[in-house]
Amino acid sequence: MQAKAHPRTELRKALGQFATGVTIVTTRAADGLPAGLTVNSFSSVSLDPPLALWCLGLSSAHYDVFRLAEQQLINVLAADQIDLAQRFATRGADRFAGVAWSPTDTGLPRLDGCTAWFECGVRSRYEEGDHLILVCRIESFEVAGGQPLIFHDSRYVTELAESPPPRRPRSRRG
């Protein structure tokens with residue numbers, strides 16, 4: 001297949017065919033106020049050492065806050081947290097008003113009701129294209145479990161497709 005140049009909107013639609021989970025990354029700004037934004041560009045990197053990454057748009061209103069923050073908390077959203085995802089994705093919104101959260105031992109905002117949390121220290125930053133890639137060392141984590149919130153084809157999905165039945169083992173002869 002030969003690569004072709006595509007308008008940005010077509011490329012975005014094609015990339016949107018890859019389903020992702022939805023997170024809200026939180027931190028404390030230099031003035032101590034909580035900051036957070038919705039992120040679906042989160043990925044595991046390594047188990048040893050425990051690393052994850054996420055990407056921050058260079059045009060984000062919170063760019064300077066997260067670029068400078070040494071500690072961050074990745075809150076993995078549950079299926080019933082669409083409103084929270086939308087609130088933290090909206091420019092100018094008072095994101096923490098009326099939101100149930102508590103500070104971690106290090107003071108990072110931990111959102112209630114998530115399926116998992118990863119408290120991280122930023123290990124490295126790479127500017128590529130129109131994003132800053134933040135590679136973080138996972139310092140602690142917690143798993144609550146539950147149905148995840150998924151983002152696919154520019155919309156939120158709250159139910160996983162039914163899995164096919166497991167395959168029966170086949171005998172293999174050499």
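Reply: Start with burial: a residue is buried under 20% relative accessible area, exposed over 50% and partly exposed in between, with a 1.4 Å probe and protein chains only. This is a predicted model, where local features need pLDDT of at least 70, side-chain atom pairs count only at pLDDT 80 or more, and totals for chains, interfaces and linings use all residues. Residues are numbered from 1 along each chain as its sequence is written, and side-chain values use heavy atoms, leaving out hydrogens and water.

Me: Is glutamine 72 buried or exposed?

Reply: Glutamine 72 is buried, at a relative accessible area of 1%. Strands (E, at least two residues) and helices (H or I, at least four) are DSSP runs numbered from the N terminus; glutamine 72 belongs to strand E6 (residues 71–76).

Me: Which residues is glutamine 72 in contact with, leaving aside neighbours within four places in sequence?

Reply: Contact means heavy atoms within 4.5 Å. Among the contacts of glutamine 72 are Val25, Trp54, Phe118 and Leu134.

Me: What is the order of the strands in the open sheet?

Reply: Two strands pair if DSSP finds at least two bridges between them. The seven strands run E3-E2-E6-E9-E10-E5-E4, with antiparallel pairing. E3 and E4 (42–47) are at the edges with a single partner strand each, so one side of each has no neighbour in the sheet. E2 and E3 pair over six bridges.

Me: Which residues of helix H3 are buried?

Reply: In H3 (residues 82–89), these are Leu84, Ala85 and Phe88. What covers them includes strands E2 (23–28) and E3 (34–39).
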